[in-house]
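Trainee: Could you take me through one part of this model in detail, namely how its helices pack? I would like to follow the contacts residue by residue.

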Amino acid sequence: MLGWVQAMGMASSLGGLVPASAAFRAGMSWPSAAPDFEVFLKGDEAPSPVTVHAAGEATLGFSGVGRLVALLAEALVDLGTWVDVAALGPGVGLYLVLPDPEARGFTTGKDPSEEDPDDARERIARLVDRLVKGTWQALGWPAWKGLVRAFPTGNVAFAQALAAAGEDLRASKAERALVCAVDSFLSPETLTLLHQQQRLKTPGRPTGLMAGEAAVALLLTREETAESAMAVVRVAQGRDAAPLDGEQPPDGQELARQVLAALGPLGQDASAPLMVSDHDGQYARAFEWGMLQVRLRETDARFEQGAVWMPAKSFGHTGVASGAVATAMVFRGLARGYAPTSSVLVLSSAEAGERAVIHLTAPGRSNPRLRRP
């Protein structure tokens, strides 16, 4: 057991954790046209809008680092409705999941013309410094005094942060862990990059992703408390030789291996777990997801009966925050009792090939509807 989730907060196109979870459960979304980005389709004389999932007033007028600060501040305020975040002492570790600014087309400097270092570690360190200081200042909180660790490895970054936080809790390097994930794909620079890479869903490309943005803040504890509704059982990680943007899409074998590793032995009377996927409409992810189903069903026929959630339908593509968004939906589903089973797997595939699966559960609870006869 890596730890217990005491509370969560969120900022997204559907609002904070509670309204966003309710909207997701109802299959709702709140897409809008990108305010500063359009595309020209072949043969058209006028540009066409691109649909995105924006966080509304939370990010209105912000870009680059400022947009990430605005999102993270909203998520921490939402978390503050459950716990006193401002009072967390230096014994609490901060585990930041965030994008490489170069991959989003912005720099960490206050002057947009200021270039970032070529070394990715230096860029991330600068972003961490500005993000933490800017967010805590925006909220009027005392400067953060505790441990800070950064995780920028694509869609699997949140799983890596959870695993690291759990290890630090077990080793008593931290009393509690504040795991925060934030990402945005809505700036014109990022949308331009996605369009150039032929990854963006447009009126002329139906198989692309819809850009989104989100931030999630999670408080992880070493031991179960009265507020704990979910436990992080295990994080399994691996690497696929085929990147998602390669000539041949991944065949699902590595992701299936990590699913089985995270789940552990499936008891004779157990039902298939709920699987929450980061599939977002891109062809390579769809291919991997389809192959994964084949491989898992060959392993155990019960996987054919398992339920599936895909948060990107409601929130769009949220990058490094995607695993955190999925975990937030699971947290409310388990807490409110509408998750179809108490055993849940959050699946993440990074563009470069990393794969991760998080096993979440609500111990002592089960849903008899999914038990095998």
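Mentor: Happy to! Helix H1, residues 17-25, packs against helix H10, residues 322-336, with the two axes 10 Å apart and at an angle of about 85 degrees. Since angles from 65 to 115 degrees count as roughly perpendicular, H1 is roughly perpendicular to H10. Keep in mind as you look that this is a predicted model. On the H1 side, the residues that meet H10 are Leu-17, Val-18, Ala-20, Ser-21 and Phe-24. Their partners in H10 are Ala-328, Met-329, Phe-331 and Arg-332. Sorted by class, this contact of H1 with H10 has seven nonpolar residues, one polar and one charged.

Now turn to a second pair. Helix H7 covers residues 253-263 and helix H8 covers residues 283-299; their axes come within 8 Å and cross at roughly 50 degrees. That angle makes H7 oblique to H8, and the crossing in which H7 passes H8 is right-handed. From H7, the contact is made by Gln-253, Leu-255, Ala-256, Val-259 and Leu-260. From H8 come Glu-288, Leu-292, Arg-295, Leu-296 and Thr-299. By class, the contact of H7 with H8 has six nonpolar, two polar and two charged residues.

Just after H7, look for Gly-264, which takes a positive phi of about 80 degrees.

Finally, zoom out to the setting of these helices. The secondary structure of the protein chain comes to 10 helices and 12 strands. The radius of gyration is 20 Å, close to the 21 Å that the globule rule gives for 373 residues, so the chain is as compact as a globular protein of that length. Along its principal axes, the C-alpha trace spans about 60 × 55 × 35 Å. Of the 373 residues, 57% count as buried. As for how the chain contacts itself, take the contacts with a separation of 6 or more: residues 24 or more positions apart account for 77% of them.

How values were computed
Residues are numbered from 1 along each chain as its sequence is written. This is a predicted model: local features need pLDDT of at least 70, side-chain atom pairs count only at pLDDT 80 or more; totals for chains, interfaces and linings use all residues. Side-chain values use heavy atoms; hydrogens and water are left out. Axes are lines fitted to C-alpha atoms, for helices over the stretch in contact, and angles run from 0 to 180 degrees between N-to-C directions. Helices (H or I, at least four residues) and strands (E, at least two) are DSSP runs, numbered from the N terminus. Angles under 35 degrees count as roughly parallel, over 145 as roughly antiparallel, 65 to 115 as roughly perpendicular and the rest as oblique. A crossing is left-handed if the near helix is turned anticlockwise from the far one by less than a right angle, and right-handed if clockwise. Contact means heavy atoms within 4.5 Å. Ala, Val, Leu, Ile, Met, Phe, Trp, Tyr, Cys and Pro count as nonpolar, Asp, Glu, Lys and Arg as charged, and the others, Gly among them, as polar. The radius of gyration is taken over C-alpha atoms; the globule rule is 2.2 Å times the number of residues to the power 0.38. Buried means under 20% relative accessible area, exposed over 50%, partly exposed in between (1.4 Å probe, protein chains only).
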